[in-house]
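Visitor: I have a model open and want a quick walk through it. Can we keep it brisk?

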Amino acid sequence: MRSHLLTGTTTERYRTPVTGGAERVAARTATASPPLADAVDLDTPLPGTAAALDELDRLCPPAVISPGHPRHLAHPAAPALLPAVPGGSSPGPWDDRSAGVPHLERRLVDWAAGRLGLGPAADGLFAADSAQADLQALLLAREAAGTGPGTHRLRVLVPAADHARVRAAARLLGLGPDAVVTVPTDRGGRLQTVALARELERCAREGQVPLAVMATAGTAGSGAVDPLAHLAELCAHHGVRLHVRVAHGYGLLASRTRRHLLDGIERADSVTVDFPTSYSPPANPAALLVRDGAALRPAAAESGPRHADTPVRTADAPAVVSLWLTLRTLGPDALGDRFDACCDLAARGFDLVAADPRFAVTVEPQLCTLVFRHIPAAIRTPADIDRANLYARKALCASGAAAVGGTVVGDRQYLRLTPLNPGTTTADLAAVLDLIAHHAEQYLGDRLVRAS
């Protein structure tokens with residue numbers, strides 16, 4: 001599992017594929033062959049990077065005429081400048097002009113939809129990031145509802161943590177300032193089904209039209225997974241579309257011990273899957289998947305590209321290729337086991353924090369995010385505790401000894417540990433906790449001295 005991490009002991013393993021990739025860029029010729037991506041079993045990885053690159057060469061032949069050819073006059077892109085090597089910002093040899101890249105996208109979409117159980121009619125597309133994918137999902141929901149004079153009555157129901165991003169998307173779609181309705185969450189950050197039922201009933205009484213419910217599997221702040229099965233049942237009862245954003249829960253697609261947390265997602269109308277750096281470094285593509293693929297293929301665009309009519313910014317070829325190579329070299333089982341190991345480590349971190357009187361923890365983590373904060377031994381005001389935790393996080397990062405995240409729970413400042421590196425140990429977590437307590441107490445002690 002750790003042999004695929006870039007560390008001081010794996011530099012040679014990094015140098016070999018990068019050097020080999022550069023040689024492929026130089027040696028690639030303008031030949032074409034039929035794409036075979038549909039036949040690839042993404043659940044069975046290849047024996048190594050070289051085999052994955054060989055497969056990629058077969059699946060993504062170069063364009064018939066290279067963009068660097070002096071008579072290539074059809075595409076608004078300049079030829080690549082030297083040095084164009086793998087790992088840089090250049091698309092490299094497998095760029096958007098290769099006929100094979102869209103077939104990689106289609107196969108990855110089919111694989112992800114199958115993992116989620118969306119059914120045989122499912123389809124999807126890749127977007128540049130999850131915000132773009134969510135925007136497309138809202139657009140599909142608005143088109144399904146129609147765009148008549150009642151547009152001002154449309155409402156999107158979202159958990160409190162996501163209201164800002166959804167409000168921005170709603171504004172772009174012209175839904176009006178009152179379109180986004182915030183639904184309360186519990187202490188762990190999960191959307192409350194009772195509160196959602198209450199809001200849906202209020203919408204019905206006041207003549208408003210619920211456009212969609214936006215749920216999350218793996219929130220950014222706490223890693224919480226909304227109760228998807230209950231939400232799906234509630235949305236079906238009220239005839240409302242359900243959209244689920246699989247953010248920090250991306251590993252659940254391949255997890256062998258926590259996949260049940262996604263139960264109910266197969267009933268969602270649309271799903272955004274965010275593939276962060278743990279899946280496809282260095283890019284962060286996102287896929288929008290829909291249970292009814294016809295929604296992505298209007299009659300007017302049936303004969304064109306699968307996302308020719310989408311207004312969102314689609315994923316660049318390097319992001320798709322990076323995700324493909326990750327799956328082909330590691331395989332979903334290894335990725336799922338790595339994710340599960342990180343979740344197990346967060347659970348051990350919870351046990352440490354819960355037993356330590358220097359800290360207060362919110363709830364036991366569902367995934368690999370632990371939310372807590374330092375509580376001083378002497379009685380302090382809530383504002384002092386907030387400032388102490390903010391100071392501790394900044395001082396820890398400035399020292400170079402460690403780094404932790406921050407989040408807000410009920411208007412109070414909390415710290416966030418997300419151990420995504422399988423090389424992290426329980427001893428590392430304990431050492432970081434000691435450092436946090438040291439910096440926080442130092443800050444409070446300095447304030448006391450200055451006040452006296």
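Visitor: Which residues of α8 are buried?
Guide: They are Ala317, Ala319, Val320, Val321, Ser322, Leu323, Trp324, Leu325, Thr326, Leu327 and Arg328. Buried means under 20% relative accessible area, exposed over 50%, and partly exposed in between (1.4 Å probe, protein chains only). A caution before we go on: this is a predicted model, where local features need pLDDT of at least 70, side-chain atom pairs count only at pLDDT 80 or more, and totals for chains, interfaces and linings use all residues. Residues are numbered from 1 along each chain as its sequence is written, and side-chain values use heavy atoms, with hydrogens and water left out.

Visitor: How many residues of α8 are buried, out of how many?
Guide: 11 of the 13, so α8 is largely enclosed by the rest of the structure. Helices here are DSSP runs of H or I with at least four residues, strands are runs of E with at least two, and both are numbered from the N terminus.

Visitor: What do those buried residues pack against?
Guide: Against α2 (49-59), α3 (101-116), β1 (123-127) and α9. Contact means heavy atoms within 4.5 Å.

Visitor: What span does α8 reach, end to end?
Guide: Helix α8 covers residues 317-329 and reaches 18 Å from its first C-alpha to its last, close to the 18 Å expected. The expected span is 1.5 Å times one less than the number of residues. Just after α8, glycine 331 takes a positive phi of about 90°.

Visitor: Zooming out. How many helices and strands does the protein chain have?
Guide: There are 11 helices and 11 strands. The chain has 452 residues, and 46% of them are buried.

Visitor: What share of the contacts is between residues 24 or more positions apart?
Guide: 73%, taken over contacts with a separation of 6 or more.

Visitor: Charges next. How many salt bridges are there?
Guide: The count is 19. The rule asks for a side-chain nitrogen of Lys or Arg within 4 Å of a carboxyl oxygen of Asp or Glu.

Visitor: What does glutamate 233 pair with?
Guide: Arginine 267, with the closest N and O atoms 2.9 Å apart. Glutamate 233 sits in helix α7 (residues 228-238) and arginine 267 in the loop between β5 (241-246) and β6 (270-274), so the pair ties together parts that are 34 residues apart in sequence.

Visitor: Is that glutamate 233 buried, exposed or partly exposed?
Guide: Partly exposed, at 47% relative accessibility. Arginine 267 is partly exposed too, at 36%.

Visitor: What about arginine 256? Which side chain does it meet?
Guide: Aspartate 337, in a salt bridge of 2.4 Å, N to O. Arginine 256 is in the loop between β5 and β6, aspartate 337 is in helix α9 (residues 332-354), and the two are 81 residues apart. Arginine 256 counts as exposed at 51% relative accessibility. Aspartate 337 is partly exposed at 27%.

Visitor: Which residues form a salt-bridge network?
Guide: One network links Asp134, Arg165 and Arg245.

Visitor: That β5 to β6 loop again. What does arginine 258 touch?
Guide: Leu252, Asp340, Cys343, Asp344 and Gln366, leaving aside residues up to four places away in sequence. Arginine 258 lies in the loop between β5 and β6 and is buried, with a relative accessible area of 14%.

Visitor: Cysteines, then. How many disulfides does the structure hold?
Guide: 0. A disulfide needs two cysteine sulfur atoms within 2.5 Å.

Visitor: How far is the sulfur of cysteine 342 from the closest cysteine sulfur?
Guide: 5.9 Å, to cysteine 368, which is too far for a bond. Cysteine 342 is buried, with a relative accessible area of 2%.

Visitor: Last topic. How many aromatic pairs are there?
Guide: The structure holds 3. In one of them, the rings of phenylalanine 359 and phenylalanine 372 have centres 5.6 Å apart and planes at 75°, so the pair is edge-to-face. Rings of Phe, Tyr and Trp (its six-membered ring) pair if their centres lie within 6.5 Å; planes under 30 degrees apart count as stacked, over 60 as edge-to-face and the rest as tilted.

Visitor: Are those two phenylalanines buried or exposed?
Guide: Phenylalanine 359 and phenylalanine 372 are both buried.
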